[in-house]
Amino acid sequence: MTPRLQAFTDAYTTLANARARQRELEQVLRQWDRVDDITNAEDRLTAERDSIRAEIARHEDALEQRRRGIIDDLNAQFNRALRSIGVPAIKTAYIHPTNYLPILNGEPYTKISRGGGIITAVQIAYWTSILYVVVSRGDTYYPSFLLIDSPRMALNSNPGIALALYRRLHDLATALPGKMQLIVADNELPAEVERDFAEFDFDYEHPTVATVNHPGPNAVQTLGQDAAE
């Protein structure tokens, strides 16, 4: 019995070792399968990343083309506005492509002389140009509203610019009727364009806020009086 028992023991040991080796190989195979899965996942994610990068590049290119198109439209309108208003001493003008502010004669508009209401005229030319471009394009969320406060106060020394400025506003409103609202708060309109605007006059009898009665100039306590007291 001893030789047979020894043979059985040897066979069982060989079988146990074979099964252990089988389990090791199966574990190795599972690891390689996992490596294949990871490689396939990496390839898929890499392809998705490249596709997203390409999509981003296309959108960035479209955005840049749109930005250049808007800047070109703004420059064309801005120069047309400056010519129609007749702003003096301005030889070159364009909208800066990154900060979007006016550049006049190669310098920021704040460095241009303020004499004769030049800055006022330039600002109105600038804002009306922006308004015309965004409203005429119709694909932005820029407000189609412009409120201008007392432009003639800065243009008294140059009534010709004041008249041209109001004509510019009228042309803008009539070019795109019903698509924008322009309000100008001023002491008076140039006589040549009075009939072109709907005019609302405010005085003590007709206050700006109709529901609030004005007590009259002699019954008003100003902030200066409060400070003096």
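In the predicted model, Leu104 touches Phe78, Leu82, Ile90, Thr92, Ala93, Tyr109, Ile112 and Val122, when residues up to four places away in sequence are not counted. Leu104 also belongs to the largest nonpolar core, a set of 41 residues. Two or more residues of the core are given by each of helix 1, strand 1 (93-95), helix 2, strand 4 (145-149) and helix 3. Helix 2 accounts for the largest share of the core, with 12 residues.

Ser129 is placed in helix 2. The residue is classed as buried because its relative accessibility is 2%, and the cut-off for this class is under 20%. Through its side chain, Ser129 reaches the backbone oxygen of Ala125 at a distance of 2.6 Å. With neighbours within four places in sequence left aside, the contacts of Ser129 are Leu74, Gln77, Phe78, Ala81 and Arg168. Of these, Phe78 is also a contact of Leu104.

Two pockets were then considered. The largest pocket has a volume of about 660 Å³. Its lining comprises 27 residues, and those that lie nearest the centre of the pocket are Ile183, Val184, Ala198, Glu199 and Phe200. Helix 3 (159-175) and strand 5 (181-185) each contribute at least two residues to this lining. Divided by class, the lining of the largest pocket consists of 15 nonpolar, 6 polar and 6 charged residues.

The second largest pocket holds about 280 Å³ of space. This pocket is lined by Leu63, Arg66, Arg67, Ile70, Ile71, Leu74, Tyr100, Tyr126, Ile130, Val134, Thr140 and Tyr142. At least two lining residues are supplied by each of helix 1 (2-85) and helix 2 (118-137). The largest share of the lining, 6 residues, is provided by helix 1. In terms of class, 9 residues of this lining are nonpolar, 1 is polar and 2 are charged. Leu74, one of the residues lining the second largest pocket, is also in contact with Ser129.

Terms used
Residues numbered from 1 in each chain as written. Predicted model: local features only at pLDDT ≥ 70, side-chain atom pairs only at ≥ 80, totals over all residues. Heavy atoms only, no water. 1 Å grid on protein atoms, 1.4 Å probe; cavity = no way out; pocket = protein on both sides within 12 Å on 5 of 7 lines; lining within 4 Å. Points joined across faces, edges and corners; volume = space filled by probe spheres on them. Helix = DSSP H or I, 4+ residues; strand = E, 2+ residues; numbered from the N terminus. Nonpolar A, V, L, I, M, F, W, Y, C, P; charged D, E, K, R; others polar. Core = buried A, V, L, I, M, F, W, Y, C linked by side-chain atoms within 4.5 Å. Buried < 20%, exposed > 50% of the residue type's maximum accessible area, 1.4 Å probe, protein only. Contact = heavy atoms within 4.5 Å. Polar contact = N/O pair within 3.5 Å; in protein donor to acceptor, adjacent residues only side chain to side chain.
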